[in-house]
Protein chains: 2
Amino acid sequence: MSTPPGPADALSVLPVGGIGEIAEGDDLAGLLSAAVELRDGDVLVVTSKVVSKAEGRVRTGSREDLLAGEADRTLATRGRTSIVRTHHGLVLAAAGIDASNTDPGTVLLLPVDPDASARRLREGLAAATGRNVAVLVTDTAGRAWRDGQTDIAVGAAGLQVLHDYSGMQDPHGNELAVTAPAVADELAAAADLVKGKLGRRPAAVARGLAALVLPRGEHGPGATALVRAEAHDMFGLGAREAVLAALRGGDRRGFGVPAPAAEVVSVLSSLGAGDAHVRGDGLVEAELSGDDRAQGRLCARLEAAAFALGWHPAGDAARLLVRFERRTP
Amino acid sequence: MSTPPGPADALSVLPVGGIGEIAEGDDLAGLLSAAVELRDGDVLVVTSKVVSKAEGRVRTGSREDLLAGEADRTLATRGRTSIVRTHHGLVLAAAGIDASNTDPGTVLLLPVDPDASARRLREGLAAATGRNVAVLVTDTAGRAWRDGQTDIAVGAAGLQVLHDYSGMQDPHGNELAVTAPAVADELAAAADLVKGKLGRRPAAVARGLAALVLPRGEHGPGATALVRAEAHDMFGLGAREAVLAALRGGDRRGFGVPAPAAEVVSVLSSLGAGDAHVRGDGLVEAELSGDDRAQGRLCARLEAAAFALGWHPAGDAARLLVRFERRTP
């Protein structure tokens with residue numbers, strides 16, 4: 001049983017301000033290391049906004065104009081709000097395109113590769129100060145199910161972003177069910193409490209978590225390690241959008257991995273299919289019944305359900321039979 | 001324009017341990033106030049586990065045995081994992097029923113009313129110490145889209161749980177798009193960094209956010225204010241579960257408020273309905289076409305889409321027409 005580092009004895013979070021308005025090409029490492037005295041084992045948490053500005057990610061236009069270029073796909077839309085998965089795998093309103101703290105008529109895109117930005121900044125801080133400091137790049141994100149926003153880590157370097165308790169036991173001898181606190185996101189949230197949203201304190205230093213800071217030269221997996229693989233995400237589409245996607249067919253992203261055959265049989269039966277079963281060749285087969293109109297209705301319902309479960313119609317089904325095969329993910 | 005309190009000048013988070021194993025009826029306020037010296041404006045963050053133990057919420061049995069009693073409804077299930085909305089409105093794996101840090105064969109339910117628990121503890125701390133301290137009761141929650149867990153506030157007393165920036169402007173004169181950081185959740189996350197999961201440090205004190213602590217006697221809205229109203233939640237069901245719910249009809253929770261008629265018309269048209277339109281009486285009407293089987297297929301698809309949009313079949317549609325009316329939410 002490995003022994004992960006324990007929690008901090010005490011954590012302090014200090015705001016960092018006074019670095020002025022950042023423009024493309026500015027030396028963030030130099031500005032930040034001049035604004036605060038860093039110590040070995042500190043975590044410097046910096047809002048993605050200033051990283052983006054230093055990297056020249058300001059664009060003329062509206063969020064709507066620039067959305068397509070930042071989006072991998074849209075999870076849900078309601079009125080003017082679109083919840084979008086970015087190319088980084090982050091799920092953010094308007095793909096994280098920011099229209100605050102920028103000149104009117106311009107917006108700010110996220111860094112192209114926030115983990116790389118964090119690594120560069122970490123190396124710059126080491127060069128400027130000689131200190132071993134971890135770096136987090138953060139953005140503000142809404143959540144499913146809860147009101148309000150919290151800051152999350154979109155880039156990380158030199159930090160163990162997940163604190164793995166797997167295999168550990170509590171004092172009662174139970175294996176711990178919670179195996180991986182998202183330490184980087186919790187730190188991003190803590191830093192937001194002192195940074196605020198008015199742009200004058202774009203960074204914070206978290207002190208007391210040196211056990212989570214990796215040795216010099218080791219940058220760790222980055223914040224990308226906090227992105228849930230789409231195959232394991234149960235909420236990859238809004239509820240409404242999931243139904244429309246299943247009725248339209250085509251792109252199945254957002255539904256996760258295909259279900260086992262037994263689950264497909266159970267669902268088809270529950271929707272009224274007759275004699276649903278797994279055939280020897282692995283196809284799932286079921287019977288339609290009733291008059292032509294009833295058969296058409298049932299067939300459409302079975303097809304939509306199969307789509308959501310990751311199966312699709314197989315070959316030349318006879319008029320009274322439908323057959324599905326597992327989609328290769 | 002109101003001026004909300006600014007961010008903290010510095011935040012410190014101190015672990016609180018040494019209160020021993022908690023049993024039903026224990027005086028948590030007395031134990032915690034003896035374990036740490038509290039100051040006016042502190043926020044005491046305590047894991048729901050010890051609050052539940054003090055309130056006698058230990059039960060014999062497994063998580064599966066006790067799930068039905070804690071669940072409002074199930075959002076998604078994959079294998080042995082169920083994502084459940086509790087009676088409190090919290091979305092948690094296994095409804096927040098905890099099988100760690102309890103005697104084998106027993107589990108721990110969440111407090112019945114964690115905001116009330118927080119208020120009682122706040123009053124107990126005031127009586128024991130004379131200090132004006134806010135209280136958060138926390139639990140550990142997984143998230144959509146991201147791996148790992150973070151702590152969130154499930155109960156709160158005496159804290160401004162959302163920091164409202166609405167109407168505020170950034171230094172560039174843009175109205176801030178992010179209007180409400182979920183301060184209570186960010187504090188819960190910060191406290192988790194020092195508490196850990198091994199049960200020996202069930203609480204933490206956050207110092208430096210006195211501006212967010214309400215005056216004595218004012219408990220504020222509690223953590224219930226962080227629960228998103230189901231009507232405004234786009235992710236109220238897993239993608240797969242949303243499709244099956246639409247095909248089965250019946251309970252429409254998880255889909256949010258009904259869509260406007262114009263959106264229904266647009267969706268029905270995109271699915272192949274003929275002449276979809278809003279009638280003078282507000283019903284949405286569309287034509288079916290093709291042979292009987294094709295009509296049945298189309299009809300089933302239009303009905304499932306309408307269900308997801310919050311509309312349902314209206315009265316005696318003729319064979320070639322389908323009509324939908326808006327569901328009263």
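Here are some exercises with worked solutions on a predicted model.

**Exercise 1. Describe the overall build of chain A: what are its secondary structure, its extent and its division into domains?**

Step 1. Start with the elements: chain A holds 8 helices and 14 strands.

Step 2. Then look at the extent. The C-alpha trace spans about 80 × 60 × 30 Å along its principal axes.

Step 3. Now the division. Domain 1 of chain A takes in 12–57 + 110–227, and domain 2 covers 239–326. Between the C-alpha centres of these two domains of chain A there are 46 Å.

Step 4. Chain A has 329 residues, and 52% of them count as buried. Of the contacts in chain A with a separation of 6 or more, 63% join residues 24 or more positions apart.

**Exercise 2. Work out how chain B is related to chain A, and which elements of chain B touch chain A.**

Step 1. The same surface serves both, since 100% of the contact residues of chain B recur in chain A.

Step 2. Count the contact residues: 91 residues of chain B are in contact with 91 residues of chain A.

Step 3. Assign them to elements. On the side of chain B that touches chain A, at least two residues each come from β1 (11–16), β4 (71–78), β9 (149–157), α5 (183–195), α6 and α8 of chain B. The largest share is that of α8(B), with 13 residues.

**Exercise 3. Follow β1(A) to its partners: which strand of chain B and which strand of chain A pair with it?**

Step 1. Cross to the other chain. β1 (residues 11–16) of chain A pairs with β1(B) in the antiparallel sense, over 3 bridges. In this pairing S12(A) stands opposite S12(B).

Step 2. Stay within chain A. β1(A) also pairs with β10(A), antiparallel and over 5 bridges, and here L14(A) stands opposite V205(A).

Step 3. Go on from β10(A). Strand β2 (residues 43–47) of chain A pairs with β10(A) in the antiparallel sense over 4 bridges. The bridge partner of L44(A) in β10(A) is V205(A).

Step 4. Check the burial of β10 (residues 203–207) of chain A: 4 of its 5 residues are buried.

**Exercise 4. Is α6(A) mostly covered or mostly uncovered, and what do its buried residues pack against?**

Step 1. Count. Helix α6 (residues 239–248) of chain A is mostly covered, with 9 of its 10 residues buried. Among them are R240(A), E241(A), V243(A) and L244(A).

Step 2. List the partners. In chain A, the buried residues of α6(A) pack against β4 (71–78) and α8 (292–309). In chain B they pack against α6 (239–248), α7 (261–270) and α8 (292–309).

Step 3. Look just past the helix: G249(A) takes a positive phi of about 70°.

**Exercise 5. Decide whether K53(A) is buried or exposed, and find what it touches.**

Step 1. Locate K53(A): it lies in helix α2 (residues 48–54) of chain A.

Step 2. Apply the cut-off of 20 or more C-beta atoms within 10 Å. K53(A) has 22 C-beta neighbours inside 10 Å, so it counts as buried.

Step 3. Leaving out residues up to four places away in sequence, K53(A) touches I22(A), A23(A), E24(A), V58(A) and L108(A). I22(A) is 31 residues from K53(A) in sequence, yet 6.0 Å away in space, C-alpha to C-alpha.

Key:
Residues numbered from 1 in each chain as written. Chains lettered and ligands numbered in written order. Predicted model: local features only at pLDDT ≥ 70, side-chain atom pairs only at ≥ 80, totals over all residues. Buried ≥ 20, exposed ≤ 12 C-beta atoms within 10 Å, placed from the backbone. Contact = placed C-beta atoms within 7 Å. Least-squares fit on C-alpha atoms with pLDDT ≥ 70 in both. Domains from an automatic or database assignment. Pairing = 2+ DSSP bridges.
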